[in-house]
Amino acid sequence: MIWLFPAAAIGLIAIAAPIVVHVLVRQRATRVPFPTLRFIQPHRLASVRRRALEDAALLTLRAAILAGAVAAVAGPFLITAARLRAWNARIVRADASGADPRQALIRAVAWLERQPPGRREIVVQDALPLGSLTDADIAAVPRHIGLRFQRSTALPASRVLRAQSVVDSGRTIDRELTLDGDRTSVRDLASSTSASSALEIVSPPDQEAAAATLRNAIAQRRQPAPSPNHRARVVFGATSAPATAVTVAWMADAAARISREVDPGHAATLQFGADGDRLVVSTSTSAADREAADVAQAVARSLAPPPEQTTGEILPIPDAQLRAWTRDAGPAVPPTPETLGQDDRRWLWAVVLLLIGVETWLRRERNDSAAARDVSRAA
Amino acid sequence: MTGAPAASDTARLIARISDLELVARIMVEGLVSGLHRSPFHGYSAEFNQYRHYRPGDDLKYVDWKLVARTDRVYTKQFRETTNMGAAIVVDTSASMSFPQPLPTAGLSKFRYAIAVSAALAHLIATQGDAVGLVTAQKFLAPRTGRQHLRGLLTALSTMKAGGVWRPAETIRRAAERLGRRGLLLVFSDWYDQEDETFAELRRASRMGHEVVLFQVMSRDEIEFSYKKDVEFVDLETGRSLAVDAAQARREYTDGVTAFLESWRRRAVAEGFQYSLLITDVPPDHALRNFLIARKG
């Protein structure tokens with residue numbers, strides 16, 4: 001049983017109302033003016049305020065009418081065997097095609113969740129290069145959704161891609177990546193663009209010599225080229241945290257990357273802040289310490305854009321792996337209130353109307369009987 | 001076809017008709033055809049005894065034939081020379097207004113007593129006897145004549161039941177004002193001042209009056225046909241008592257039965273005529289039964 005508006009069940013309190021009123025409301029016994037009390041024995045005293053249940057059948061009937069009305073408002077949907085059979089006979093298929101199979105898969109799952117009841121299946125149509133889907137992506141798909149994979153196009157035998165630029169000795173060097181079968185090669189392209197240093201290293205005066213050594217080491221070492229306008233300052237031997245907190249997205253990403261790259265024990269000493277458009281990394285570590293080089297290196301790397309995913313991969317996901325991921329659609333899952341196109345409230349309303357009819361008939365019967373008793377007594 | 005309504009319709013008629021004279025006539029006309037002689041005996045100028053003539057006696061009462069036979073002078077004496085006098089006494093206490101509210105086409109004990117007493121007054125008056133009315137508030141001396149009867153019926157129809165009444169006092173007043181030997185017709189449920197009332201009735205009887213007791217009761221009052229919890233409120237004192245009616249029924253009906261039997265037995269022992277009137281019996285039926293019993 002599924003309820004479209006389960007909150008309406010709060011209306012069931014209405015059933016309790018007449019019963020609670022019956023129990024709590026104290027009603028006087030019927031008052032009858034009488035010629036004399038001399039023959040009425042006082043030891044048969046009754047509670048003046050007690051009220052006996054006069055007609056349990058009528059009360060039950062009225063409670064049933066209220067319950068039926070509340071249930072109808074709540075929008076019931078009965079899951080019968082016939083309905084289950086009908087749902088299992090139907091399959092809802094989603095086509096997960098697109099530039100990014102991972103995102104297409106996520107969209108397909110979300111779309112299927114909104115569909116009417118039935119067995120569910122996703123067909124992934126793509127070239128399916130390595131890395132386009134992983135075990136984690138497949139595990140994120142609910143178990144009742146079947147999966148099938150179809151290679152739509154063949155991958156090229158080789159491909160030349162632009163690789164991430166690097167900075168070496170103050171110059172920015174563009175690079176080229178060549179994928180050829182199972183071989184990968186990188187080639188530096190000629191570049192004469194001079195790059196100003198995006199990393200600033202600051203230290204107390206007594207550590208200045210060590211700091212200068214660090215600057216040279218960073219400059220001499222080939223580093224990924226920083227993104228435009230991404231700059232940072234590393235403060236060694238700091239005695240206080242940066243005054244301004246990080247509020248810019250790239251700075252937050254960079255802080256996270258730095259924390260991941262340095263030694264976990266040492267990462268606890270790092271404090272991040274901002275100074276205008278510059279990321280500030282403060283640490284109590286001396287510039288002369290061995291960990292100082294790791295920190296400076298991590299900060300320099302964090303200014304570069306993240307490495308691109310393997311969008312240009314020319315090797316496919318192995319067929320064996322695809323077969324392992326392939327599975328049949330499971331049995332249809334019951335619908336949710338959001339996916340129900342109908343409900344059974346009309347039947348409940350019919351029952352309520354029927355009960356109202358019975359209640360009316362019963363009430364008239366009771367009244368007629370009472371009237372007949374009065375007439376017979378009067379006669 | 002006669003003009004009199006069927007017996008079963010009489011109760012409904014009495015409940016609806018406010019003209020008490022008409023009610024009385026309807027009831028009596030239905031009875032007269034079944035009764036060949038009057039049930040009430042008046043007193044005529046009836047010879048009682050002779051006594052020796054004393055100077056100053058009226059000579060018209062001298063029995064001259066007896067003088068001739070015995071050579072002594074006697075005068076005749078007569079017992080009574082007037083018609084019968086009847087006094088109707090009606091209990092106007094609040095207990096007579098039961099049941100409240102009235103059931104459909106039903107009569108309260110008071111209205112029932114009024115209807116029967118009106119019919120009796122009509123019957124007595126039409127045979128030439130004097131009839132009067134005594135209640136706690138009203139007193140109409142027994143008289144004859146159509147005009148007096150109309151006034152009596154008007155007085156009956158305007159009476160209301162309420163408060164308490166002192167039956168002994170009312171009966172004493174009725175018996176004393178009745179003067180000579182007469183007929184005392186008393187309508188009540190007899191709940192109040194039982195012993196004093198009975199003593200007064202006995203006294204009235206010794207005064208030479210014929211006493212007729214009507215005990216007016218309702219069926220609910222006798223059978224106590226109530227259910228569940230009921231709070232009974234005394235119509236006269238306002239005191240209330242809440243009981244489980246089903247449980248209290250047995251003791252109540254035993255008590256009422258003993259009460260009614262006690263009144264019947266005491267009345268018979270004293271030579272009173274006793275009649276139990278139950279308000280669900282058509283009043284003309286009750287009246288007929290009473291008159292037949294009286295003639296028998």
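Which strand of chain A does strand 10 pair with, and in what sense? Some notes on this predicted model, starting there.

1. Strand 10 (residues 199–202) of chain A pairs with strand 12 of chain A, and the two run parallel over 4 bridges. To find your way in the viewer, look for A:Val202, which sits opposite A:Val235 of strand 12.

2. Strand 12 of chain A also has strand 14 (residues 278–282) of chain A as a parallel partner, with 5 bridges joining them. One pair to click on here is A:Arg233 with its bridge partner A:Val280 in strand 14.

3. How much of strand 12 (residues 231–235) of chain A is buried? The strand is mostly covered, with 4 of its 5 residues buried.

4. Over in chain B, helix 5 takes in residues 146–158, 13 residues in total. From first C-alpha to last it reaches 18 Å, close to the 18 Å expected at 1.5 Å a residue.

5. The buried residues of that helix are B:His148, B:Leu149, B:Leu152, B:Leu153, B:Ala155 and B:Leu156. Viewed down the axis of helix 5 of chain B, they fall within an arc of 160 degrees, so they line one face of the helix. As background, an α-helix has 3.6 residues a turn, so residues three or four places apart point the same way.

6. A:Met1 belongs to the segment before strand 1 (2–3) of chain A. A:Met1 counts as exposed because its relative accessible area is 53%, and the cut-off is over 50%.

How values were computed: Residues numbered from 1 in each chain as written. Chains lettered and ligands numbered in written order. Predicted model: local features only at pLDDT ≥ 70, side-chain atom pairs only at ≥ 80, totals over all residues. Heavy atoms only, no water. Expected span 1.5 Å × (residues − 1). Buried < 20%, exposed > 50% of the residue type's maximum accessible area, 1.4 Å probe, protein only. Arc of directions from axis to C-beta. Pairing = 2+ DSSP bridges.
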